[in-house]
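Here is a short tour of a protein model, written for someone meeting structures like this for the first time. Have a look at the picture, then follow the points below.

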Amino acid sequence: MIMTELFLTFDIGGTSIKYGLIDQQLQLSHQGKCLTEQNKDGFILKQLLKVTASYQAQYPLTGIGVSTAGIVGAAGEIQYAGPTIPGYQGTPIKAALMAQSGLPVVVVNDVDAALLGEQLTGAAKGAASAYCVALGTGIGGAYVENGQLMTGVHATANSIGYMLYDEQTQTNYEQRASTLTLEHQLKPYGISVKDAFSEAKLGHAPYDQMIKTWAEEVATGIAPVLLLFDPEVLLLGGAVSLQGQYLVDLLTDALSPLLPPELIQTKIRVAKLADKAQLYGAVADLCK
């Protein structure tokens, strides 16, 4: 890469937009953040254009990467968006940014971006294949093999949060196993997920059993991923990944009765880049 390469990167979530610059040494700098304002009157796209114009006036940008919630279409538009971001579906992010800036633009789903970031400079670096399970408000999946994201013909592959529907409870996987669900279960005890993990590590009831039961629910979705994809690395993402090896050990134990003994050789790891993974992943293809 030439020494002048400098990329503007965005990470669009349900409530905020983060952005910054990434250089050819993969150093992240000049970061900023703003609210999405619930995308009122197309606020998100207007803000992307505004920030881009400001940065382009100050720095010799080479390209722009955007990580975003929602399903991204082939033309870099928002193909599908849930109710978290009103009026977002159909937003032509790539076309609008390219038209204004004249630069190459890449737009990628946020879970895909997190995995690409971890492969670029995180816990999946050097892996031939990696699967990311992002545990948060919902549960998302992403798979990369030989440097290529595997998103399916209609860009809806790896929507693992919707699988394992149970007719009796009328719930799917993410409704039983997300960290948001765990948070709701802990609410009557007046304790956060982070503090409940601290108590569980000390063996304190009832948190040790509650965390173990939650891990068993998470494992029911990870087991079929391991059997279907056989990735070299499986990454655990989301804020809960800060629990580190304790979380890995919990899930390894929970997976044991769900899988044939000694069949699976996948390495299970927690994500390394935390909330910066999407910013790196958004520009991963531009950095190649």
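Helices (H or I, at least four residues) and strands (E, at least two) are DSSP runs, numbered from the N terminus. This is a predicted model, in which local features need pLDDT of at least 70 and side-chain atom pairs count only at pLDDT 80 or more, while totals for chains, interfaces and linings use all residues. Residues are numbered from 1 along each chain as its sequence is written, and side-chain values use heavy atoms, with hydrogens and water left out.

- Let's begin with Cys132, which sits in strand 8 (residues 129-135).
- Cys132 counts as buried, at 4% relative accessibility (buried means under 20% relative accessible area, exposed over 50%, and partly exposed in between, with a 1.4 Å probe and protein chains only).
- Leaving out residues up to four places away in sequence, Cys132 touches Leu115, Gly140, Gly141, Ala142 and Leu235 (contact means heavy atoms within 4.5 Å).
- Cys132 and Val144 are twelve residues apart along the chain, and their C-alpha atoms are separated by 8.8 Å.
- Glu5 is found in the segment before strand 1 (6-12).
- Is Glu5 buried or exposed? Glu5 is buried, with a relative accessible area of 15%.
- Not counting residues up to four places away in sequence, Glu5 touches Asp23, Gln24 and Thr62.

- Two packed helices are described by the angle between their axes and the distance between the axes.
- Helix 6 (residues 193-201) and helix 7 (residues 207-229) have axes that come within 8 Å and cross at roughly 110 degrees (axes are lines fitted to C-alpha atoms, for helices over the stretch in contact, and angles run from 0 to 180 degrees between N-to-C directions).
- Helix 6 and helix 7 are therefore roughly perpendicular to each other (angles under 35 degrees count as roughly parallel, over 145 as roughly antiparallel, 65 to 115 as roughly perpendicular and the rest as oblique).
- On the helix 6 side, this contact uses Ala196, Phe197, Glu199 and Ala200, and on the helix 7 side Tyr207, Asp208, Ile211 and Trp214.
- Those residues divide into six nonpolar, no polar and two charged (Ala, Val, Leu, Ile, Met, Phe, Trp, Tyr, Cys and Pro count as nonpolar, Asp, Glu, Lys and Arg as charged, and the others, Gly among them, as polar).
- Helix 5 (residues 179-186) packs with helix 7 at an angle of about 155 degrees, with their axes 11 Å apart.
- Helix 5 and helix 7 are therefore roughly antiparallel to each other.
- Thr179, Leu182, Gln185 and Leu186 of helix 5 meet Tyr207, Met210, Ile211 and Trp214 of helix 7.
- The axes of helix 5 and helix 6 come within 10 Å and cross at roughly 75 degrees.
- That makes helix 5 roughly perpendicular to helix 6.

**The nonpolar cores**

- In soluble globular proteins, nonpolar side chains tend to be buried together.
- The largest nonpolar core has 38 residues, and Trp214, Ile222, Leu234 and Leu236 have the most contacts inside it (a nonpolar core is a set of buried Ala, Val, Leu, Ile, Met, Phe, Trp, Tyr and Cys residues joined through side-chain atoms within 4.5 Å).
- Helix 7 gives the most to this core, with eleven residues.
- Beyond its neighbours within four places in sequence, Ile222 is in contact with Val133, Tyr173, Leu234, Leu236, Leu251 and Leu255.
- Apart from this core lies another one, of 26 residues, including Leu6, Leu61, Ile78 and Leu103.
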